[in-house]
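User: Can you walk me through this one? I'd like the fold first, then the helix packing.

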Amino acid sequence: EARTSRLLEVGCGPRRAHGLLEPRGHAAERPALAAEHRPPIGSTGEIPVTAIALRSLQAYGPKAQHTKYEIAVKRGADWLLKAQPQTTDERAFQLLGLGWAGVRSNHPIIQKAVRDLLGEQQADGGWSQLPTLASDAYATGQALVALRQAGAIAINDPAFKRGIAFL
């Protein structure tokens with residue numbers, strides 16, 4: 001929700017979010033959004049921006065445009081199902097976006113994304129933004145939220161407990 005609100009603050013209301021979802025169903029990187037972040041904390045790549053744009057359409061789209069926005073959300077979800085995330089941020093936003101779009105937790109792509117994200121958990125219980133970095137609270141919190149919202153992990157799961165202990 002905070003990221004969706006941030007999109008609205010930088011002028012990414014439903015109309016702009018709809019425009020971000022290109023005919024191919026995803027949002028290309030947008031320099032205007034990238035300027036707000038420092039690497040590696042970014043969320044400006046195609047996967048995070050697509051997920052945030054489809055959530056913005058769902059949460060803030062005017063009812064009069066509901067049908068048009070639902071088509072865009074479906075296109076975004078279809079694209080996210082085919083996306084190949086490379087970072088923790090991308091893996092988390094793929095899960096979040098697919099969950100927001102209503103893709104069930106037993107879908108094979110969700111299950112693969114969950115396995116991949118769980119596979120990135122470090123020995124200390126946390127997640128890192130990039131494989132070359134140490135675990136940090138941002139990546140760990142993001143991974144835990146994505147895993148929970150995807151319905152993929154219970155709070156008593158050992159991996160979840162290790163992530164909470166890291167935080």
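User: Before that, what am I looking at?

Analyst: This is a predicted model, where local features need pLDDT of at least 70, side-chain atom pairs count only at pLDDT 80 or more, and totals for chains, interfaces and linings use all residues. Residues are numbered from 1 along each chain as its sequence is written, and side-chain values use heavy atoms, with hydrogens and water left out.

User: How many helices and strands?

Analyst: The protein has 9 helices and 0 strands. Both are DSSP runs numbered from the N terminus: helices are H or I with at least four residues, strands are E with at least two.

User: How much of it is buried?

Analyst: Of the 167 residues, 46% count as buried. Buried means under 20% relative accessible area, with a 1.4 Å probe and protein chains only.

User: And the largest nonpolar core, which residues have the most contacts inside it?

Analyst: Leu-80, Leu-95, Leu-117, Trp-127 and Leu-147. That core has 31 residues. A nonpolar core is a set of buried Ala, Val, Leu, Ile, Met, Phe, Trp, Tyr and Cys residues joined through side-chain atoms within 4.5 Å. Elements giving two or more residues to it are α4, α5 (66-82), α6, α7 (108-119), α8 (137-149) and α9 (158-166).

User: What does Leu-95 touch?

Analyst: Leaving out residues up to four places away in sequence, Leu-95 touches Ile-110, Ala-113, Val-114, Leu-117, Ala-146, Leu-147 and Ala-150. Contact means heavy atoms within 4.5 Å.

User: Switching to packing. At what angle do α6 and α7 cross?

Analyst: Roughly 150°, and their axes come within 10 Å. Axes are lines fitted to C-alpha atoms, for helices over the stretch in contact, and angles run from 0 to 180 degrees between N-to-C directions. So α6 is roughly antiparallel to α7; that label takes angles over 145 degrees, while under 35 counts as roughly parallel.

User: Which residues make that contact?

Analyst: From α6, Thr-88, Arg-91, Ala-92, Gln-94, Leu-95 and Leu-98; from α7, Ile-109, Ile-110, Ala-113, Val-114, Asp-116 and Leu-117. They divide into 8 nonpolar, 2 polar and 2 charged. Here Ala, Val, Leu, Ile, Met, Phe, Trp, Tyr, Cys and Pro are nonpolar, Asp, Glu, Lys and Arg are charged, and the others, including Gly, are polar.

User: What about α4 and α6, how do they run?

Analyst: Helix α4 (residues 46-60) and helix α6 (residues 88-100) cross at roughly 25°, with axes within 8 Å. They are therefore roughly parallel to each other. The residues of this contact divide into 7 nonpolar, 3 polar and 3 charged.

Key. Angles under 35 degrees count as roughly parallel, over 145 as roughly antiparallel, 65 to 115 as roughly perpendicular and the rest as oblique. Buried means under 20% relative accessible area, exposed over 50%, partly exposed in between (1.4 Å probe, protein chains only).
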